[in-house]
Amino acid sequence: MSLSVPDLNLRIIAPVLIVAISALVVLLGELVTSSAQKRGLGYASLVGLLAAGGAAMGLWDAHAVAFREMVRADNFGVFLTLTILAGAVLCILLSFDFTRAHRIETGEYYALILFSVTGMLLMVTAADLIIIFLALELLSLPLYILAAFKREDERSLEAGLKYFLLGAFSSAFFLYGIALVYGATGTTNLARIAASAPSEMLLIGAGLLLVGFAFKVALVPFHWWTPDVYEGAPTTITAFMSVAVKAAAFGAFLRAFLVALPALAMDWRVVLAIIAVLTMTLGNVAALLQANIKRMLAYSSIAHAGYILIALVAMGGAGVSAALFYLLAYTLTNLGAFGAVIALGEGERERLNVSDYGGLARMQPLLAAMLTVFMLSLAGFPPFAGFVGKFLIFGAAVQNGWAWLAVVGVLNSLVSVYFYLRPVVAMYMSEPVEGWGAPRVAPLVALALVLALIGVIALGVFPAPAIALAAGGLGR
Amino acid sequence: MLTVNHLIFLSAILFSIGAVGVLVRRNPLIMFMSIELMLNAVNLAFVAFARYLQNLDGQVFVFLILTVAAAEVAVGLAIIVALFRQRETIDVDEASILKG
C-alpha cells in the first residue's frame, strides 16, 4: 500500500480560498472594532469579494482539475462564480444602511454572508458529489443563522427555524442519494459515475439527489418553505438567498445531471419537464394572490426556478448557456427589485404591502422608474435582461424538441405580467398612502440599484458578449 | 450470514423512520433527532457499501457526515433556544405567524 500526495493545485480554488480568508478576517475584525466601525467590516468584505472575482477571471479557459478530480475549473464554473460574487457584492452594498436601521449591524453578519459565498463558489466548482454535499452545507448553515438574524423578531426566528428544519431534512435525502449512487457505481466522482453502467439503484439515487436539489432551488412540490422563509428573513438576506442560492444550487444541479447522469436522461427529462410545468404554474398563480411584496417575490422566485428547469430539460449546449445567462439576468434583476424595496424602507418599517407603493412615482420618480424596469425585466419585457433570458431558454427548448414546454413557459410569463405590474400601477396611478414620508435613498443603496440597472439594461440591449461567455463551458 | 442487502434494508428502514418522524412530530427537538436518525441511516449505508465494494471512500465520507451533523446541531439548537427565549414554547404548530 502506498500513499500518494494529492495534487494540491490551490490556484483552482483561489476564489473560494480568498472568500474564506476574508470571512475569517471579518470575523476576527468583529472583535477589535467598535460598533461605529462595523461599516468598515462591510467594506473589507467587498474587497474580499472583488479580489475573489479577479482570481476567478484568471481561471477563464483554465480547464483544469485538482484535488483528485474533486474540483474542476471550467468556464461554466467561472461564469457562475462571477454571477454569485456579483450577487454578493450587490447584497452587501444594500446591507450597510439596512443593518444599521434594523440594529443588526455586526461583523458576524458580513462574515456569515462570506462563509455562505464560500460554500456557493465551492459548489459550482465541485466535480464530486461529496464536495457538492459539503459545499451545500457550507452554503446553508450560515443562511439558517442569517435568516434568524433579527433575534428579537419572532418572524425572523420562525423563518430561521423553518429553513433550518426543512434544509436539514432535504440534505438527508440528498445524502442518501449520494450513498445509493456510491453503492451502484463505486464512486462519487461525476465523470466516473457517467462511465459506469446504469442500474435501478442509480436511478433511485438520482431521484433522491433530485429531491435535495429541488428543496434548495424551491421546485414544486418541495417549495413550501420558500414564502415563509423569504417573508420572515431580513430583506437583504431574502434578496441574497433568492439569487445566490439559486445560482449555486442550479450550477451543481446542472453539472450533476448533465455530467454524471446523461445515461438516465430518458428517465429524468420527463420527470423534470412535469416538475417545471407545476413549478411555473404554481409559482405564478400563487404570486397573483399575494398582497405582501416579499411573499410575491418569493413565489416569483419559485416560478423562475421553473423557467430555468426548462433549460435543464432541453439539455445540450444551448440549454446550459441559456440557464447560465438566465441566472445572471435573474440575479441582477431580482436584487434590483429587492434593492428598491429596501431603498423605500423607513427606519425599521418597510413597504411590504403593494398598497404602500401608492403615489411613489411623484415622490421618487427615479426610484419608481427603476423598480418599474426591474419588474418589467422579471416579467420578461424587451429590451431588458429578463426578456433575453426567457428567449434563450424557450429557444433552447424548441430547438431540442420540447416546444410544448416552451409554450407553457410563455403562457406562464403572460400570467406573471399581472402581478409584476401591480406595484407599478400603484406607484403611478394611486394616491400616496397616509403615514409614509418621502423616502430618502442612501448613497450605497443607490449605487447598488444603479449597478443592477446598468446590468439589466446592458444584458438586454447587448446580450451577445454574455451569451458568448455562457456558451459551451461545461467541462466533463 | 449478514450480506450488504440486509444492511441496506436496515438503513432504508431507519431512514424511513426518521423521515416519518420529521413529518409527524411537532417538537423541533424530536424532529431534529429524527433528522439525525436519517443521517445515521446514511452513514450505515455508506459503511455497508464501502465494505461490499472493498473501497474505503465510503468510510471516509462517514467522518465528513458526522462533522457536518455536529455543525448542524450547533446551529439548529441555537435557533431553537433563541426562539424559546422569545416565545416560551417551541411547538412548530405555534410557530405560524408566517403563512398565506
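**Close-up views of a two-chain model**

**View 1. A cis bond sits beside Pro221(A).** Look for Pro221(A) in the loop between helix H8 (200-217) and H9 of chain A; helices here are DSSP runs (H or I) of at least four residues, numbered from the N terminus. This is a predicted model, where local features need pLDDT of at least 70 and side-chain atom pairs count only at pLDDT 80 or more, while totals for chains, interfaces and linings use all residues. Residues are numbered from 1 along each chain as its sequence is written, chains are lettered from A and ligands numbered from 1 in written order, and side-chain values use heavy atoms, leaving out hydrogens and water. The peptide bond running from Val220(A) to Pro221(A) is cis, and its omega is near 0°.

View 2. You'll find Pro383(A) in the loop between helix H15 (365-379) and helix H16 (385-399) of chain A. Most peptide bonds are trans, and most residues other than glycine have a negative phi.

**View 3. Arg103(A) has a positive phi and a salt bridge.** The phi of Arg103(A) is near 55°, a positive value in a residue that isn't glycine. Its side chain meets that of Glu152(A) in a salt bridge, 3.8 Å from N to O (the rule: a side-chain nitrogen of Lys or Arg within 4 Å of a carboxyl oxygen of Asp or Glu). The pair links distant parts of the chain, 49 residues apart: Arg103(A) is in the loop between helix H3 (75-101) and H4 of chain A, and Glu152(A) in the loop between H5 and H6 of chain A. Over all chains, the whole structure has 17 salt bridges.

**View 4. Chain A meets chain B.** The contact (heavy atoms within 4.5 Å) takes 40 residues from chain A and 44 from chain B. Together the chains bury about 3700 Å², 78% of it on carbon and sulfur atoms; that's the accessible area (1.4 Å probe) lost by the two parts when put together, summed over both. Two salt bridges cross this interface. In one, Arg87(B) pairs with Glu158(A), with the closest N and O atoms 3.6 Å apart. On the side of chain A that touches chain B, two or more residues each come from helix H5 (129-147), helix H6 (154-185), helix H9 (225-232) and helix H12 (293-314) of chain A. H6(A) gives the most, with 22 residues. By class, that side of chain A has 24 nonpolar, six polar and ten charged residues (Ala, Val, Leu, Ile, Met, Phe, Trp, Tyr, Cys and Pro are nonpolar, Asp, Glu, Lys and Arg charged, and the others, Gly among them, polar).

**View 5. Here is the largest pocket.** It holds about 560 Å³ of space, the space filled by probe spheres set on joined grid points. A pocket is an open set of points on a 1 Å grid where a 1.4 Å probe fits, with protein on both sides within 12 Å along at least five of seven lines; lining residues have an atom within 4 Å of a point. There are 21 lining residues, and Ile145(A), Ala148(A), Phe149(A), Arg151(A) and Ala82(B) are the closest to the pocket's centre. H3(B) gives the largest share of the lining, seven residues.
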